[in-house]
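Work through the exercises below with the coordinates open, trying each task before reading its solution.

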Amino acid sequence: MIFKDMHHFLINDASSKEIDVCLYLTTKQDWLGVIHIDVHQIAAACRTTVRYAKTVVQKLSKPLSTAVYEYGRKPFLSPAFQFGQHAYKLNFGMNKLEAKHATYHYMKKFSFFYTENFQSLTIAAKKLLLVAAFDVSLTNNTKQRLKLKDLLTNESTRVRGFTKAIVSDAVEDIEKKMGFAARFVKAHFRHYVEIEFPLDVNRQYVTENEEQHRLEEVAFECGGEEILTDDVTQEILKTGKGFFNGLFEAAKMQGGFAHFEDLTAILRKMYRDSLYDLFSGIHKEDLSEAKAISAYLRGIMINKFPNILNALSEEQARYEALQENYAQARPYFDDENQENLSAQVSFLQRSLEDATLKTTVFKALYHEINVQRVASLKEDVEQRNAIIANLQHTGVTSVHTFKKHLMDLNQRIATKLETLYYPMQALVNDLHHEANQKTAFVANMIYKKLSNLQGLNAVHHQDMLEWRDCEQHHEAFQLTSSLTRTRDRQTNHGVQVIEEEFPF
């Protein structure tokens with residue numbers, strides 16, 4: 001999507017070839033609005049030289065002296081080294097996470113923007129088409145009439161550099177090279193520029209496939225490209241984007257947008273590492289169904305959260321411990337060094353606040369993920385309990401189907417319980433063990449980290465307590481044992497039962 005601020009930049013502050021490059025770059029964004037620049041691809045797509053493509057990228061990544069003040073005089077691109085050496089972020093428009101929550105007007109990336117005919121137009125003809133195309137996207141009307149006065153003199157809608165003669169030449173160029181019907185029209189004492197786009201223009205547009213390309217790249221490197229059917233691809237992308245949407249919501253709720261790039265860089269690395277794990281282990285797990293593969297990826301990503309939270313909490317704990325040390329040492333500094341000490345303490349305080357906020361955002365995301373997983377877990381438990389309790393009243397027509405269904409439910413329950421409780425508990429146990437072997441300063445830092453992680457395990461521990469309490473008192477669990485003991489007697493009466501006990 002091309003939002004209004006980017007559209008304004010294209011028609012007022014970009015040269016002819018910069019328009020082509022900017023339009024191309026908008027198709028290479030990932031979910032976060034990050035672009036990995038490849039000047040050879042830019043040169044090929046925009047029909048220019050590699051050298052000139054480099055020049056354009058350099059120019060687009062510097063502040064623009066001609067940009068209008070209301071758009072901040074910012075460059076079109078900014079380096080985003082958190083995401084890689086050649087990573088840049090667009091400073092105009094919105095990424096896909098932001099756009100999901102926005103209601104702003106935007107223009108589609110119409111396919112004709114990326115044709116040789118469009119790229120061969122004069123700069124005036126390109127800008128005229130961009131103005132008309134925005135209204136096509138808003139109204140779905142393929143016939144657009146633009147007031148000539150608005151293009152030339154209206155302060156809010158005029159296009160910089162336009163004159164009546166330039167617009168006239170642009171109209172001829174559009175009709176000649178694009179094949180669109182374009183002409184001047186006079187009606188109601190006003191002059192208009194009329195452009196008729198193809199009737200199917202609103203169905204002919206380019207979508208961003210950068211995330212899919214990166215997924216295919218990882219699959220190819222791991223020899224798993226044959227697994228990537230359309231369904232599997234969409235399910236994997238849906239799962240991955242769900243985590244980024246969750247991070248967006250967590251950052252919004254915790255006021256962490258100031259650190260959103262750092263937060264998303266962490267999640268981006270985790271997602272990419274998880275994709276490698278997915279395609280490295282998918283053959284061992286013998287998975288082929290799209291839903292099963294996406295669930296496997298989700299499990300991999302969730303299991304990486306304790307390590308991320310451990311690293312973030314460690315950074316936070318270091319600043320806390322250093323701040324305490326500085327506070328304890330303050331009386332030993334003379335008056336001349338008190339000012340330097342205060343500056344250091346202030347720096348540590350700001351760093352601690354930033355580290356705490358990052359940790360808080362990821363803790364909120366992890367908590368939300370686990371709330372959903374606990375709900376899913378309880379659904380499985382209720383379904384399994386209802387089936388077992390029903391054995392007291394009904395026979396089973398197919399013992400194999402019944403056994404398989406119960407075994408599948410129990411496997412799902414055991415897997416969810418294992419991932420809900422034990423990864424974080426194992427991390428906490430390791431930290432306690434490490435603290436006992438370290439110096440007082442390091443041990444103090446570890447205990448601070450444990451304090452930061454404490455709230456994350458509360459829901460898991462409570463769930464385990466409820467689980468075990470239910471196991472001891474719910475008659476459904478007692479039924480599995482009695483079934484085994486009375487199997488022969490019940491079978492003689494024609495009721496099929498399962499031989500295995502299914503522990504909670």
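**Exercise 1. Which residues are linked in a network of salt bridges?**

Solution. The network of salt bridges links Lys28, Asp30, Glu210, Glu211, Arg214 and Arg268, where a salt bridge is a side-chain nitrogen of Lys or Arg within 4 Å of a carboxyl oxygen of Asp or Glu. The structure as a whole holds 20 salt bridges. The model is a predicted one, in which local features need pLDDT of at least 70 and side-chain atom pairs count only at pLDDT 80 or more, while totals for chains, interfaces and linings use all residues. Residues are numbered from 1 along each chain as its sequence is written, and side-chain values use heavy atoms, with hydrogens and water left out.

**Exercise 2. Find the salt-bridge partner of Lys126, and state whether the two residues are buried or exposed.**

Solution. Step one is the pair itself: Lys126 forms a salt bridge with Asp20, with the closest N and O atoms 2.9 Å apart. Step two places the partners: because Lys126 belongs to helix α7 (residues 123–139) and Asp20 to helix α2, the bridge ties together parts that are 106 residues apart in sequence; helices here are DSSP runs of H or I with at least four residues, numbered from the N terminus. Step three is accessibility: both Lys126 and Asp20 are buried, buried being under 20% relative accessible area, exposed over 50% and partly exposed in between, with a 1.4 Å probe and protein chains only.

**Exercise 3. How are helices α1 and α2 oriented to each other, and which residues make the contact?**

Solution. First take the axes, which are lines fitted to C-alpha atoms over the stretch in contact, with angles running from 0 to 180 degrees between N-to-C directions: those of α1 (residues 4–12) and α2 (residues 16–26) come within 10 Å and cross at roughly 160°. The two helices are therefore roughly antiparallel, a label for angles over 145 degrees. Finally, the contact (heavy atoms within 4.5 Å) is made by Met6, Phe9 and Leu10 of α1 together with Ile19, Cys22, Leu23 and Thr26 of α2.

Technical notes
Parallel < 35°, antiparallel > 145°, perpendicular 65-115°, else oblique.
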